[in-house]
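Me: I have a structure to get through before class. Can we go over it together?

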Amino acid sequence: MALFPNRDSNKAADRKAKTQAAQDEALLREVDDAVRTDQYRSIWTSYGRYIVGIVILALLAFAAYLFFTHRGDAEREADSEVLVTALDQVEAGNLDEADARLAPLADDGEGGAQAQAQMLRAGIALEQGRNAEAAALFEQVAANGDIPESLRDLAELRAVVAAYDTLEPSEVITRLTPLAQEGEAYFGSAGEILAMAHLDAGDSKKAGELFAKIAMNEDVPNTIRGRARQMASVLGVDAVGDVDDLIENMRRSSAAGPQQ
């Protein structure tokens, strides 16, 4: 008679095998954790101070970024308030008060706000007849490499205009020639002053040719073109060009005048 396997004994064997496998896995995890702990302890012993230092530096850098960002926003807001207040004083005719408010920002400020304060102070100085001070302030703006080139060019042009009576024609020619090129933003204004410098230097030919270029450049404001046309004619240079176009431009200017 055949004997059937004992099912209970099979189950017991399975449970024993599973228990043994779980114990083996737990043992392996303990060994692995111990190895990792030894590795971490070794790393910490060798590099712990450096790790702490890096973490502290990162936290300090982040704190500095937050501080200076907030400080920058606050400073920009304060600078804007100074400029707006000064403009209000200028419009009210209180030039001395406006100048006093602008002085700290113009002397110790930074970037565009400082440049604007210097330009405003220079304008006030011109209005009060202090041309030398105005020219010096304009020159500071012109030498500031942290602001847009267009603003530097404008400051250079205004510096030359403010100091024109004290400058030699040769210096005016040297400083304004780069600005008085067709395509430049201030070609008309700089070209007009440069042509006058050529006249003062005794070179009426160059002056007349430059006045003619200005008169025939459609990108130049009509007021400047009109003056340049008259000066070119006085110097014997034809600056009229196409008569029909000239008449049409004059009609447009006359129509725009009453509207403005």
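This is a predicted model: local features need pLDDT of at least 70, side-chain atom pairs count only at pLDDT 80 or more; totals for chains, interfaces and linings use all residues.

Me: ok, how many helices and strands does it have?
Reply: The protein has 10 helices and 0 strands. Read along the sequence, the pattern is α-α-α-α-α-α-α-α-α-α.

Me: what's the average pLDDT?
Reply: The average for the protein is 78, and 63% of the residues score at least 70.

Me: which elements have the lowest and highest mean pLDDT?
Reply: Helix H10, residues 243–259, has the lowest mean, 52. Helix H6, residues 169–176, has the highest, 96.

Me: and where does pLDDT stay under 50?
Reply: Over residues 66–71. For that stretch the model has 0 contacts beyond four places in sequence.

Me: new topic. how much of the protein is buried?
Reply: Of its 260 residues, 28% count as buried. As for contacts with a separation of 6 or more, 40% are between residues 24 or more positions apart.

Me: now H7 and H8. at what angle do they cross?
Reply: The axes of H7 (residues 187–200) and H8 (residues 204–215) cross at roughly 160 degrees and come within 8 Å. An angle over 145 counts as roughly antiparallel, so that is how H7 and H8 run relative to each other.

Me: left-handed or right-handed crossing?
Reply: The crossing of H7 and H8 is left-handed.

Me: which residues make the contact?
Reply: On H7 they include Phe-187, Leu-194, Met-196 and Leu-199. On H8 they include Ala-207, Leu-210, Phe-211 and Ile-214.

Me: how many of the contact residues are nonpolar, polar and charged?
Reply: The contact of H7 with H8 has 9 nonpolar, 4 polar and 3 charged residues. Glu-192 of H7 and Lys-206 of H8 are among the residues in this contact.

Technical notes: Residues are numbered from 1 along each chain as its sequence is written. Side-chain values use heavy atoms; hydrogens and water are left out. Axes are lines fitted to C-alpha atoms, for helices over the stretch in contact, and angles run from 0 to 180 degrees between N-to-C directions. Helices (H or I, at least four residues) and strands (E, at least two) are DSSP runs, numbered from the N terminus. Angles under 35 degrees count as roughly parallel, over 145 as roughly antiparallel, 65 to 115 as roughly perpendicular and the rest as oblique. A crossing is left-handed if the near helix is turned anticlockwise from the far one by less than a right angle, and right-handed if clockwise. Contact means heavy atoms within 4.5 Å. Ala, Val, Leu, Ile, Met, Phe, Trp, Tyr, Cys and Pro count as nonpolar, Asp, Glu, Lys and Arg as charged, and the others, Gly among them, as polar. pLDDT is the predictor's confidence in each residue, from 0 to 100. Buried means under 20% relative accessible area, exposed over 50%, partly exposed in between (1.4 Å probe, protein chains only).
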